[in-house]
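I opened the notebook to look up the fold, the core and the ligand site. The entries follow in the order I made them.

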Amino acid sequence: MTANELYRFCLKELSFTDCGDFEASCIFEDILNIYKNDLITKNLQVTNQQVDLVKSLIYQRKKGRPLQYILGKWDFYDMSFFVGEGVLIPRPETEMLVDLALDSIKNIQNPIIFDLCAGSGCVGLTVAKHRPDSKVYLFEKEDKAYEYLEKNTEKYSLTNAYPQKCDIFSFGFSDLPQADVLLSNPPYIKTEEIPSLQREVLNEPVSALDGGSDGLDFYRCIYSKWLKAVAAGGFLAFECGDGQGQEICNIFKPKTVSQKIIFDFNNIDRIVTFRI
Ligand SMILES: C[S@@+](CC[C@H](N)C(=O)[O-])C[C@H]1O[C@@H](n2cnc3c(N)ncnc32)[C@H](O)[C@@H]1O
């Protein structure tokens, strides 16, 4: 079979997604090391083993397994993170948290950053890589997600990143320095909305999605428990869900001096920031 024929087979099988062409080219590049341009310019043959492998991946994809888990990695900012079952797939909209964090520390030497609910580590590790003089503490509760966090920390040999296995609802601060910046992309989906999520999203861990009955449990926890871990004048930035920005501002208003809601290109409230 030629690579071109196999590619066409993939396109047909992936026609149920909006981006079958993109997904097929990802599988070809990452799994077979064959680039889309080469399908046209070179008459490449594929082995039976390669055909079987691609067919098994397409089968998984049709069953709803996210492409990112199939590939085992996903790009975020200018890095690539290991992902798989048990860890949230990094999303492009979360990159804004990194930009805000880097901007907030541009005049601070040796800043201390906390990334709560760190998952793969995409937020905190990206900040750590871009600011080697910083110290970034990343907090994650779930076993599987924590494994990925450690694996991604090792991948980039980040000696200024410190994964902490903990539940942010019950963490004791004892010997941590105060943070200049506290970041979080916590679970923020309302419990009742979880069953109606897209099939692929339901393959991601519920513990990464479920923010309680109104979706705001984690913000309330951060407000009541974590503000004391932030230095005076410190900066906070959180991702949030559609329509949650004002409610989160209301939670944080009593103990913060400024509050800001940032909307994305679809005019959805995506990020809230505070100064304390
Ligand atoms: C929405 S995901 C965000 C992951 C990552 N920061 C990102 O942006 O891709 C939330 C993360 O919070 C973790 N988590 C859930 N409950 C937690 C808790 N009580 N303490 C610490 N982490 C928790 C989940 O395991 C998950 O990795």
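How many Å apart do the C-alpha centres of domain 1 and domain 2 lie? I got 35 Å between the two centres. The bounds are 3-63 for domain 1 and 73-275 for domain 2, and such bounds come from an automatic or database domain assignment.

A note on the source: I am working with a predicted model, in which local features need pLDDT of at least 70, side-chain atom pairs count only at pLDDT 80 or more, and totals for chains, interfaces and linings use all residues. Residues are numbered from 1 along each chain as its sequence is written.

Overall form. I listed 10 helices and nine strands in the chain; these are DSSP runs numbered from the N terminus, helices being H or I of at least four residues and strands E of at least two. The radius of gyration, taken over C-alpha atoms, is 21 Å for the chain, close to the 19 Å that the globule rule gives for 276 residues, so the chain is as compact as a globular protein of that length. The rule is 2.2 Å times the number of residues to the power 0.38. I noted a span of about 65 × 40 × 35 Å for the C-alpha trace along its principal axes.

Core. I found 38% of the 276 residues buried (20 or more other C-beta atoms within 10 Å of the residue's own; exposed is 12 or fewer, partly exposed is in between; C-beta atoms are placed from the backbone). The largest nonpolar core has 58 residues, and Ala101, Ile113 and Leu183 touch the most other members. Such a core is a set of buried Ala, Val, Leu, Ile, Met, Phe, Trp, Tyr and Cys residues joined through C-beta atoms within 7 Å. A second, separate core has 11 residues, among them Leu14 and Phe28.

Which residues does Leu183 contact, leaving aside neighbours within four places in sequence? I listed Leu97, Ala101, Ile113, Phe114, Asp115, Val123, Gly124 and Ala237, a contact being two C-beta atoms, placed from the backbone, within 7 Å.

Ligand. I counted 22 residues around the ligand, the closest being Cys117, Gly119, Lys141, Asn185 and Ala208 (C-beta atom, placed from the backbone, within 6 Å). The elements giving two or more residues to this shell are α7 (122-130) and β4 (135-140).

Gly243. I placed Gly243 in the loop between β7 (230-239) and α10 (245-252). Gly243 counts as exposed because it has 10 C-beta neighbours inside 10 Å.
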